[in-house]
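Here is a friendly briefing to read with the model open beside you. Have a look at the structure first, and then we can walk through a few spots together.

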Amino acid sequence: MRKLEIRDPIPARAGMTPGRKWGQTSSFGSFVLGILDLFRMARTARGNRRLSKFESRASRLILPGALLLVLATPALRAAAPRVYARVDADTAIYPGDDIVYSVVVEGGARPGKIDVSSLAAYNPRPGGTQTLMQTINDRTMLSHETKYVITAGSPGTMQLPGVTVVVDGQTQTTNAVEVTVSRPGSTDQIVLELSVTPARCYVGQPLVMTAKWTATARVREASFEVPVFQSDDFYIEDLTERPVGQSLRQILIHSIPVTMTEDRQLVRGMEALVGTFRKVVIPKRSGRLRLDPFQVSANVAVRREPTGDFFNPYRLVLQRVQVQSNAVELEVQPLPETGKPPEFYGLVGRYTITAAAAPTQVSVGDPITLTIRIGGNPYLKPVQWPALEQVPELAAQFRIPAEKASPSFEAGTKVFTQTLRANSDQVTQIPALPLAYFDPEQGKYVVARTQPIPLEVAPTKVLTNQDMQGTVSSAGGARDSSRVQAIRQGLSANYYGPEVLENQAFSVLSLVRRPVHAVLWALPLTGLLASVAVKWAGRTSPESRARQRRRRAAGTALTHLQRVSAAAPGQRHELLLSALKTYIGDRFGRVAASLTAQDCGQAIVDATGDAATARKYQGLIDACEAAHYASAGEDIGPDQVQTALDLIQAVEKAVPRRPADAARASSATRVGQAGPTSYLLLLALCLALGPVTKAVASSLPRDQLYGVLQEAGSVFQQANAAADPDAAGPLYDKAILLYEKLIDQGGLRNAKLYYNLANAYLLRGLGDAGRGGPQEASDLGRAILNYRRAARLDRSDVNIQKNLAFARSQRVDQVQVSAERRVLQTLLFWHYDFALPTKSLLAALLLGALCVALTLIVWRGRGVAPSVTAAVAGVLFVSFSLSILVETRQQARTRWGVITVAQVVARQGDGPNYPPSFQDPLHAGTEFELLERRGRWLHLRLSDGSDAWICDDAAGLV
């Protein structure tokens with residue numbers, strides 16, 4: 001038996017511990033050798049005729065047996081998959097380099113769970129998977145490879161332990177891998193600097209760490225090692241200010257995102273690449289803390305050498321080097337306990353606080369927008385909302401809402417906005433607001449305060465609970481109910497029925513899926529297609545073609561006679577003769593080329609019995625033949641053409657057949673030709689629109705959804721019936737949470753559900769305003785946002801439009817709509833007023849009417865009523881289909897939004913350093929069209945055509 005060599009498909013490489021060779025100790029090699037010997041025996045047995053009869057019969061069984069064994073080989077091989085680990089290391093590995101670590105499973109089985117926790121020290125990240133099929137020595141192997149990216153450590157040997165892999169329910173452990181990390185050289189062409197300010201600090205004080213590297217040579221494949229990012233002595237945070245430079249590059253260092261700024265500068269008279277990144281480091285403990293040097297490993301160009309290539313005469317010779325920076329020592333002191341103010345919550349450093357309010361001339365209960373700006377420090381993340389409730393004078397004289405708007409960052413400050421309402425006309429100012437922090441330079445706690453803001457508050461009527469309930473005061477006077485009447489006239493009630501749980505996420509494919517739509521268009525369409533198919537099949541038979549030939553005879557003759565009048569005088573006799581004979585041949589089923597004048601006259605006599613018409617017809621043919629064969633014959637002029645036309649019409653009238661049959665047949669034929677194509681194009685246009693939105697999968701069963709809806713409706717009714725306004729607010733909050741649960745977890749997109757949610761937001765704000773308390777502007781913004789979402793699904797709901805109009809009337813900003821848009825909305829009212837489900841239903845109805853009218857035309861010809869019906873239905877169907885197409889595409893490409901915070905300063909660009917776009921900030925409820933999203937900034941356009949930029953957390957998208 002010959003020796004079979006089976007090589008390992010994965011050669012051993014640098015840094016890899018090879019596994020067992022398949023051909024060395026595996027019994028699978030012997031199994032394959034046995035199969036090959038069986039094949040050899042079979043060939044020998046068939047070629048040797050001197051074998052015995054028994055041996056010949058046995059040899060015939062060898063090939064089938066060998067085939068079965070070969071077919072069984074993959075199963076045997078898959079029963080024992082091979083699992084091992086390897087490292088791709090084609091080049092030398094240096095500290096900080098990324099290494100591809102692969103887990104390979106051979107034998108066709110797919111790996112299950114792979115536990116790489118043993119490699120946690122090397123920061124493993126997923127690197128993708130791939131499936132390989134290799135054929136070696138006529139053997140095909142399937143392997144699955146899962147890759148991870150790890151980071152090389154310090155110079156020396158890295159011992160990568162094995163990882164556990166679950167394959168076919170069994171847990172296996174891969175081999176260990178050794179990786180050699182080379183020590184790079186050094187160079188003076190890269191200089192590193194590490195600085196932290198200040199060096200003497202306190203626990204919790206934000207320090208700005210700056211890492212700078214300068215390279216005067218060309219650098220490739222730079223990797224960074226920053227030990228402080230892995231230190232347990234510091235918190236690592238980002239600066240509030242965005243980095244500025246010629247080039248910004250995002251990299252990961254020890255899983256921490258870093259924004260690298262790279263600039264070209266002159267250093268010692270040479271052009272150099274200067275890279276910088278900054279981070280905030282916050283000491284966790286006191287004592288002497290050390291920031292170890294950070295290191296950069298890179299390929300640096302050391303020289304150029306010739307290549308002999310005309311186009312690329314030189315190439316750079318690169319050398320791997322490693323450079324480290326200086327270390328930084330910090331002296332961290334603990335915060336003192338003496339003199340700590342009660343308002344202190346951990347701010348360390350210098351901070352400033354300012355406040356402004358608008359308007360300052362108000363009546364009792366009118367909203368006052370208070371803007372607080374805190375700055376003076378490059379790190380503003382730990383700055384919290386000012387505790388306005390803890391300022392006694394402010395809490396006593398103003399209503400302060402419990403919900404806070406999200407702060408924003410503008411020009412190096414953190415901006416907080418809040419709406420206040422004065423309780424009485426005795427209020428004269430907004431008191432000073434405190435900010436406590438520890439000043440490291442002074443070594444003591446400081447409380448900074450804003451300047452008081454003067455106010456002029458005029459008295460006004462404050463509605464009481466009795467006013468809100470419609471009762472008369474104890475004094476017997478009539479109540480001032482104008483505000484209450486406006487609210488009652490402007491708002492409609494909620495929906496509580498099961499229709500709220502219907503998912504209205506619109507799709508044009510609902511024309512196919514919904515039974516009502518399918519009945520409206522599918523049955524008429526089926527009848528039309530069947531009618532066209534029957535007519536089309538009838539046209540292909542010989543009898544049908546003969547009938548069509550007879551019916552078209554007069555029309556064909558008329559076309560030929562028109563050509564006679566336009567032809568040259570010498571050709572008219574030939575064309576007229578051909579027209580006369582062709583008519584007789586088509587009309588009576590004869591061959592036109594073989595007809596004589598006598599044959600034509602006899603055919604007319606046989607069909608009509610009119611001998612006089614037959615003689616005239618025969619005489620006209622004789623005249624044409626005479627002019628054709630005799631040059632002196634009579635010329636053919638308009639009189640002869642008119643005579644031929646009169647004779648053909650006389651024959652048509654004399655034939656025992658209704659005159660309308662020909663037109664009806666011709667019409668049916670034309671419909672049979674154009675009907676399927678034109679109609680299928682219309683249907684394709686409708687179905688090509690595709691779904692506009694995809695419903696979110698519901699994680700709640702139907703009965704649970706209905707239970708949540710009932711609970712939300714009950715809580716909402718309790719809030720409306722609550723006599724105590726303070727008790728109504730939490731009930732509205734609970735109803736809002738339940739409605740949002742139906743939307744988020746239930747995956748429902750229903751106009752009535754969004755309408756109920758908007759009512760809850762609006763009534764919560766109106767309840768506060770009716771008591772003379774703060775009407776939270778964010779509630780108004782969220783109410784308009786959800787009304788818009790409801791109107792997007794169903795614009796025909798009168799209650800939605802009514803409540804939306806009332807909510808818009810409560811806004812601070814009243815932006816005018818352009819005149820051009822108002823004109824379009826008036827002219828194309830059916831496009832702007834009808835909702836998508838309504839337009840789809842009308843389109844299905846019109847499509848059915850069009851199909852019915854076309855079916856009547858197919859069978860009965862072009863009557864007045866079917867033709868008018870088909871024309872009107874077709875035009876309206878195309879109009880509604882185009883309206884659906886335009887609206888669906890607009891919804892897919894255009895996003896609308898509503899400002900949901902109390903106020904936001906709109907900028908002229910996507911950053912806080914750009915100047916404002918308007919004199920005043922935009923307030924809650926202002927609607928806009930989203931033009932572009934760039935990072936955390938939204939580019940918007942208002943209804944009057946003006947555009948601006950705002951932060952994305954200040955608005956919600958419809």
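Predicted model: local features only at pLDDT ≥ 70, side-chain atom pairs only at ≥ 80, totals over all residues.

Residues are numbered from 1 along each chain as its sequence is written, and side-chain values use heavy atoms, with hydrogens and water left out.

**The sheet around P111**
- Strand β3 and strand β7 (residues 164-167) run antiparallel and are joined by 3 bridges; strands are DSSP runs of E with at least two residues, helices are runs of H or I with at least four, and both are numbered from the N terminus.
- The order β3-β7-β8 describes an open sheet of 3 strands with antiparallel pairing, where two strands pair if DSSP finds at least two bridges between them.
- At the edges stand β3 (111-115) and β8 (170-173), each with a single partner strand, so one side of each has no neighbour in the sheet.
- From one strand to the next, the twist averages 25°.

**Two packed helices**
- Helix α11 (residues 572-588) packs against helix α14 (residues 638-654) at an angle of about 5°, with the axes 11 Å apart; axes are lines fitted to C-alpha atoms, for helices over the stretch in contact, and angles run from 0 to 180 degrees between N-to-C directions.
- That makes α11 roughly parallel to α14, a label for angles under 35 degrees.
- On the α11 side L576, L580, Y583, R587 and F588 take part, meeting Q640, A644, I648, V651 and E652 of α14; contact means heavy atoms within 4.5 Å.

- A719 belongs to helix α16 (residues 702-721) and counts as buried at 3% relative accessibility, buried being under 20% relative accessible area, exposed over 50% and partly exposed in between (1.4 Å probe, protein chains only).
- Setting aside neighbours within four places in sequence, A719 is in contact with A728, L731 and Y732.
- S325 lies in the loop between β20 (314-324) and β21 (328-333), and S325 is also buried, at 8% relative accessibility.
- Not counting residues up to four places away in sequence, S325 touches L192, E193, L194, P293 and F294.

**Cysteines**
- C201 is buried, with a relative accessible area of 0%, and C600 is buried with a value of 0%.
- The whole structure has 0 disulfides, a disulfide being a pair of cysteine sulfur atoms within 2.5 Å.

Notes:
Parallel < 35°, antiparallel > 145°, perpendicular 65-115°, else oblique.
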